[in-house]
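Subject: Structure handover

Hello,

Here is the structure I said I would pass on. My notes follow below it.

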Amino acid sequence: MKLFSSVLLLFMLSTSYGQEAFNESNDDYEIFLKRITDKDTLIKNRTKYYKCSEDLSGRIEFYFQDKELKLMTHIFKQGFGNETFIENYFIVKDTLRIKTSISEEMYMNTLYKESSQGVSSTSVEKVIEVTEQRMFFHSDANKFCFERKHGEKLSEWNPEYFNTLPFKNSNCIEDAEDIHYKYRLLRKAENKLESYSNRKPTCIFHMW
């Protein structure tokens, strides 16, 4: 019983410490995102495109401050569905600190209504469901995951409201080794992929 209590206390302390460390790094991350939105002239941007097949293509946005890479945004489609994936890799002193994944799924929702006169009718509306998970890498050995999720009619979707939703502790949906592997591929794309205008983009990605 004492051993169980000690393990539980250690877990709670670790979770609390992870939450505090995440909050600090997450605040820095949010500030940097806002600076990009506000078009801060101290932040420089470079864009690379790739296309591996008809069902795997995307682009990578690299953001630098004082020639130091601070953020990579990876926007891509994988598969033949209507789902778009957005990943952000927030980098501190050349080390991956926060990896975010945002999935946007669109689907049609059919509504059935019946009037007071007994006349039934149907209507179809487009619905968007957004899920965002942030994985915080405190060290190579310690990682913590947090998530927020919301669905709404597309016509009423409010990104500002979504950004006010708090993050809650969650299970990690991705493997840390897979994330670091993809992170290294994206870093390589910075130098390996050319900037394309009218030329067909190439692919540096394989199965990940």
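How many bridges join strand E2 to strand E3? There are 10 bridges between E2 (residues 56-65) and E3 (residues 68-78), and the two strands run antiparallel. Two strands count as paired if DSSP finds at least two bridges between them. Helices (H or I, at least four residues) and strands (E, at least two) are DSSP runs, numbered from the N terminus.

Before the rest, the basis of the values. The model is predicted, so to speak of a local feature a pLDDT of at least 70 is needed, side-chain atom pairs count only at pLDDT 80 or more, and totals for chains, interfaces and linings use all residues. Residues are numbered from 1 along each chain as its sequence is written, and side-chain values use heavy atoms, with hydrogens and water left out.

The chain as a whole

The protein chain has three helices and eight strands, in the sequence pattern α-β-β-β-β-β-β-β-α-β-α. Of its 208 residues, 33% are buried (under 20% relative accessible area; exposed is over 50%, partly exposed in between; 1.4 Å probe, protein chains only). The chain exposes about 13,700 Å², of which carbon and sulfur atoms supply 51%; the areas come from the Shrake-Rupley method with a 1.4 Å probe, and for residues only the protein chains shown count as cover. Among contacts (heavy atoms within 4.5 Å) with a separation of 6 or more, 46% are between residues 24 or more positions apart.

The sheet

The eight strands form an open sheet in the order E1-E2-E3-E4-E5-E6-E7-E8, with antiparallel pairing. E1 (43-53) and E8 (168-169) stand at the edges with a single partner strand each, so one side of each has no neighbour in the sheet.

Back to E2 and E3: their hairpin has two residues between the strands, and Asp66 there takes a positive phi near 55°. Within this pair, Ile60 stands opposite His74 in E3. E3 also pairs with E4 (residues 84-92), antiparallel and over six bridges, and on that side His74 stands opposite Glu87 in E4. Further along, 17 bridges join E5 (residues 95-114) to E6 (residues 120-137), again antiparallel, with Ile102 opposite Glu132 in E6.

Helix H3 (residues 176-192) lies across E1, E2, E3, E4, E5, E6 and E7 (143-153), and runs at about 105° to E3. Axes are lines fitted to C-alpha atoms, for helices over the stretch in contact, and angles run from 0 to 180 degrees between N-to-C directions.

Aromatic pairs

A search of the whole structure finds eight aromatic pairs. Rings of Phe, Tyr and Trp (its six-membered ring) pair if their centres lie within 6.5 Å; planes under 30 degrees apart count as stacked, over 60 as edge-to-face and the rest as tilted.

One of the pairs is Tyr29 with Phe90: the ring centres are 5.4 Å apart and the planes at 55°, so the pair is tilted. Tyr29 lies in helix H1 (residues 2-37) and Phe90 in strand E4, so the pair ties together parts that are 61 residues apart in sequence. Tyr29 is buried at 1% relative accessible area, and Phe90 is buried at 3%.

Phe76 and Phe85 form a stacked pair, 5.3 Å centre to centre with 20° between the planes. Phe76 is buried, with a relative accessible area of 5%, whereas Phe85 is partly exposed at 24%. Finally, Phe22, Phe136, Phe146 and Phe167 form one aromatic cluster.

Regards
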